[in-house]
Amino acid sequence: MSDTHSQSVAFVRTEDVPPAPPPANATGPVKWIKDNLFATPANSVLTVIALLVIYMVLSGTLPWVFNGIWDSPSLAVCREMLNGESGACFAVLTERWNQLLFGFKYPSDLYWRPALAFALLFVAAAPVLFFDLPRKILIFTGLYPFIAYYLIWGGSIFTPLLALAGFVAGGYVYQRFVKGSFAVGFFGAIAAAVLVWTIGGFIIPSSEITEGAMQSVQSRDLGGFMLNMMLGVTCVSLSLPIGIALALGRQSSMPIIKYICVVFIEFIRGVPLITLLFVASVMLSYFFPPEATVDLFLRVVIMITIFSAAYIAEVVRGGLAALPKGQYEAADSLGLDYTQAMRLIILPQALKISIPGIVNVSVGLFKDTTLVSVISMFDMVGMIRGPILASTEWNGVYWELFAFAALLFFIVCYGISQYSQWLERRLATDHK
Amino acid sequence: MTILTDPPKESFRLSMLLNDTRYRSLTFQVIAAIALAFSILYLANNLARNLADQGLSISFAFLGAPAGYDINQRLIEYTSQSTNLRAAFVGILNTLLVAFLACVTATIFGVLAGVLRLSKNWLVAKIMAFYVEIFRNIPVLIWIIIIFTIMTAVLPGPRAFRGDDATASMFLGVSAFTNRGIYIPGPYFTRGFGAAELGAVWDWVLVLGLLVASFFGARAVNARATRIQEATGIRPATLTTNLAIWFGPLIVVALALGLTFEIPELKGFNFKGGIKVGGPLIAIWFALSIYTGAFIAENVRAGILAVSKGQTEAAAALGIRPGRIMSLVILPQALRVIIPPLISNYLNITKNSSLAILVGYADVTATLGGITLNQTGRAIECVLLLMLFYLVISLLISGIINIYNNSVKLKER
């Protein structure tokens, strides 16, 4: 072929030009770094400062953590093993593990009991937290408080059994009469439960307390992270119904009930928890009959419960107020009475709106259970500040213990808040 | 044709108290009132019996008796011979002091972290998210103890600053960070109204008065600039005038009165001179600030996100510059969302400052609810007074929230 000929033939492309790769700085990690870390000069300065901060923090902590000694009987031995190098004495955690978790007075051969109760807690909580699980597990959830009580405190098996019998009787009466009138069912249930407990108290002689009994543990022997968990779980579950009742009372059209609730809520919310704990430790026993001895754990549970109930009441009230008025009117126009309207229409929606708030209160409450160390109960923080740091072997080992406590609380609280976000997405029925 | 008639008038029957909605609410309220009265009676009766058993009585006379203990951190004159009431007042002032300081710094931390968490810089946003999650999910009690431990166990003692082989040195040569507290230079006037205590007070009153005057002066200048801008459309430059108004008189007075700084010095076993900020105060102040700062950061972020993006775009379409979009369009709307939870965070700081008892800072919980309670054994009186104090503070603050909410409520017509 000659040159002239080739120039005269029209060029027709038969296939696409292969796409050229994008410029190196407009794709992949380079582009990402450019956009997110070095977009503007000010941004670049921020990035450099942030990197410096990260480097300083990591260079300080990483060798300390990885150099850590996990096996040593005391701080002095541990320091010797480290030989002047920077390193943590995690040995305090392994050596005092049981004390951190169970307190220093819980009988050591019984550690399996609270541990088992803790494991069962997950089984009991699962059907409440995740609706997809078979509903039958809820029966176990109902039994759990009595099982946990028996496992942790021990003593006669009749005590939890009698309590359970009262609740079963109350539940039966409620089921029977709630169709007619909620009030009859509700108060009838309370009456039935009280009746069963009173009669049961006469029938079961206290002398036969050894039968079916496990070694009993006193409330004052509880401690460690177990105490935090127990206070947190008990008080949150007790304060939810009380808080809802208070919120409904505050929204009520009956002035006397409304003002009782308003004064109660505002009073409790106006004072710090620590003053309520003072009430529990030094003042509350004056308000019980002189012959009654209510132990400190129960008094603290009472005060923390009413504290968190007041906060939950405010959250639920926000949810109630956020519902459109049409919902209340629709319930009325269907001919539902107050309890039906609340149970079937209002509360399910209001509680759904209040989930984030309720979870916030619960997380806050769980963190606040550490305050009991101020009234000399040996919870996790109390254990660290008291028996462990005061012991001759571990006097002076701070960061390992505080880091461990912080880590435990972080895991629980962060886990709860992640769960609540999942729950919100799960319950979202509106269109996005 | 039908005739509408009134339903037949029923005579009143007892069952109507429960089944007729006209009477039911009344029945419930009467029952509730009776139940309340009975439970109060029951509790009061128990209280009376218990007190009688132990030979006690309710009396506030102990408030007038000498307290008999010393308080390190005090804002007003106090000796161990002062009354319990005065000890309580010292505690109240200390509570208010630490609450005020922590509110200021928590706001600074919170706003910084909240704004930076929305930063376009990925790394900075992640660090701030980390900060917020870490501090929100760990009890404030643990933070207080950690910072107190840093103050007492990590910082060097005054001894380390001494001699030629000193292991510690003063920060910039003027401040000392020791395990007994932080010593910073203290300002004083060499040619003040008098060397006496009272004279120094007048010096500071003068400075404060100047600041107030400068505030109103600067406001007048800005108002005039706005008037000119509205009349002519051109805003005169006010920056230099404002700077002059704020700092001019201050500098003149400082020179005239001979302002100097007293630098802390190591004398004997301890530092002398300057201002000493005690370790417990720092611990509770800083811990409350970073802890509550994390919560405030979330409020600030939520507030900024709550302003819809259309507002920014509309403002940009009107040709407003980015900086002014923030100050004129976004912030006024975001503040409406931010301020109520911010104030309730301030309330939380005030209530959480009661944890100061843990590190030995003499706030009202530690004086009235701690030492006084233990020494006099007047548990009921002390706890009641303590609750009353916090209740008054809370009601005041929630009153402020309500007033603010009413003032910024959207005026719907």
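A residue is buried if 20 or more other C-beta atoms lie within 10 Å of its own, exposed if 12 or fewer, and partly exposed in between, with the C-beta atoms placed from the backbone. Keep that in mind for B:I150, which counts as partly exposed because it has 17 C-beta neighbours inside 10 Å. What you're looking at is a predicted model, where local features need pLDDT of at least 70, side-chain atom pairs count only at pLDDT 80 or more, and totals for chains, interfaces and linings use all residues. Residues are numbered from 1 along each chain as its sequence is written, while chains are lettered from A and ligands numbered from 1 in the order in which they are written.

**Where B:I150 sits**
- You'll find B:I150 in helix α5 of chain B, residues 140–154 (helices are DSSP runs of H or I, at least four residues, numbered from the N terminus).
- From B:I150 to B:F269 it's 119 residues in sequence and 21 Å in space, C-alpha to C-alpha.

**Where the chains touch**
- Chain A puts 41 residues into the contact and chain B puts in 47 (two residues are in contact if their C-beta atoms, placed from the backbone, lie within 7 Å).
- On the chain A side, α3, α12, α13, α17 and α18 each supply at least two residues.
- The largest share of that side, seven residues, comes from α18(A).
- Sorted by type, the chain A side has 32 nonpolar, seven polar and two charged residues (Ala, Val, Leu, Ile, Met, Phe, Trp, Tyr, Cys and Pro count as nonpolar, Asp, Glu, Lys and Arg as charged, and the others, Gly among them, as polar).

**Two helices side by side**
- In chain A, α15 (325–333) and α16 (338–368) pack at an angle of about 165 degrees, with their axes 10 Å apart.
- α15(A) and α16(A) are therefore roughly antiparallel (the label for angles over 145 degrees).
- Residues A:Q327, A:Y328, A:A331 and A:D332 of α15(A) meet A:A341, A:I345, A:I346 and A:Q349 of α16(A).
- That contact divides into five nonpolar residues, two polar and one charged.

**The nonpolar cores**
- The largest nonpolar core has 155 residues, and A:L277, B:I144, B:A283, B:I284 and B:A287 touch the most other members (a core is a set of buried Ala, Val, Leu, Ile, Met, Phe, Trp, Tyr and Cys residues joined through C-beta atoms within 7 Å).
- Helix α8 of chain B, residues 279–306, gives this core its largest share, 16 residues.
- Leaving out residues up to four places away in sequence, B:A287 touches B:V140, B:W143, B:I144 and B:I147.

Notes. Axes are lines fitted to C-alpha atoms, for helices over the stretch in contact, and angles run from 0 to 180 degrees between N-to-C directions. Angles under 35 degrees count as roughly parallel, over 145 as roughly antiparallel, 65 to 115 as roughly perpendicular and the rest as oblique.
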